[in-house]
Amino acid sequence: MGKIHLILLSGLLFSGCAEYLPISGGQIKGVVTPAPEQWGAVADDKIIQFETNAGEAYSVNLWVVEVSGSLHVFAGDKRANWVEDIEQNPNVRLRADTSIFEFEAVRVSDAQEFELFAQAWEAKYGNRPRNENVDETYLYRLRSLAELP
């Protein structure tokens, strides 16, 4: 990495922009909190920390949207590390502020639900997802572990 890139990256990290960088980490820290009745405050965050655990904790910063009362995370058509982890173990955690919420990630395969997601994504982030083919993309609905039987 060039000196200029290193200086710019360091500047971003020290100026409080680290949460916006796509840098992966390990286990997220915070207080495990019961699921709220509504996810509005969490869904309002532009970026959340998302953790998978398929042997070793892996976390990444992601965009999140709420659709029909459920949070959704999206990898597009990229088989990211966190997508591969979910296929091995669907239990995930999300950190918003200092609260950690526990979920089961369920892959969305319904085109109608994907369209609702795409509309919510556009309303929040100003553009529609790049690939909108539900069969080619990795969209996950997060189901609170508290909701499971």
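**Figure 1. Aromatic pairs in the predicted model, with W39 and F101 as one example.** The model is predicted, and the count of aromatic pairs in it comes to 12. In one of them, the ring centres of W39 and F101 lie 5.0 Å apart and the ring planes stand at 90°, so this pair is edge-to-face. Planes over 60 degrees apart count as edge-to-face. The two residues come from distant parts of the chain, 62 residues apart: W39 sits in the loop between β1 and α2 (40–44), and F101 belongs to strand β7. W39 and F101 are both buried.

**Figure 2. The aromatic pair of W63 and W121.** The rings of W63 and W121 form a tilted pair, with 5.3 Å from centre to centre and 40° between the planes. This pair also links distant parts of the chain, 58 residues apart. W63 lies in the loop between β3 and β4 (64–67), while W121 is in helix α4 (residues 111–125). W63 has a relative accessible area of 37% and is therefore partly exposed. W121 has a relative accessible area of 9%, so W121 is buried; the cut-off for buried is under 20%. Ring pairs join W63 and W121 with F74, F114, F117 and Y125 in a cluster.

**Figure 3. Strand β7 and its pairing partners.** Strand β7 (99–107) pairs with β1 (residues 31–32) in the parallel sense, over 2 bridges. In this pairing V31 is opposite S99 of β7. With β6, strand β7 pairs in the antiparallel sense over 6 bridges, and R93 stands opposite E102 in β7. The hairpin of β6 and β7 has 2 residues between the strands, and D97 takes a positive phi near 60° there. Strand β8 pairs with β7 in the antiparallel sense over 5 bridges; here V106 is opposite R141 in β8. F101, from the edge-to-face pair with W39, is also in strand β7.

**Figure 4. The buried face of helix α3.** Helix α3 spans residues 81–88, and its buried residues are W82, V83, D85 and I86. Viewed down the axis of α3, these buried residues fall within an arc of 160°, so they line one face of the helix. The elements that cover them include the strands β2 (48–53), β3 (57–62) and β5 (70–74). Also among the covering elements are β6 (91–96), β7 (99–107) and β8 (139–144). Of these, β6 and β7 pair with each other, as do β7 and β8.

Notes: Residues are numbered from 1 along each chain as its sequence is written. This is a predicted model: local features need pLDDT of at least 70, side-chain atom pairs count only at pLDDT 80 or more; totals for chains, interfaces and linings use all residues. Side-chain values use heavy atoms; hydrogens and water are left out. Buried means under 20% relative accessible area, exposed over 50%, partly exposed in between (1.4 Å probe, protein chains only). Helices (H or I, at least four residues) and strands (E, at least two) are DSSP runs, numbered from the N terminus. The arc is that of the directions from the helix axis to the C-beta atoms. Contact means heavy atoms within 4.5 Å. Two strands pair if DSSP finds at least two bridges between them. Rings of Phe, Tyr and Trp (its six-membered ring) pair if their centres lie within 6.5 Å; planes under 30 degrees apart count as stacked, over 60 as edge-to-face and the rest as tilted.
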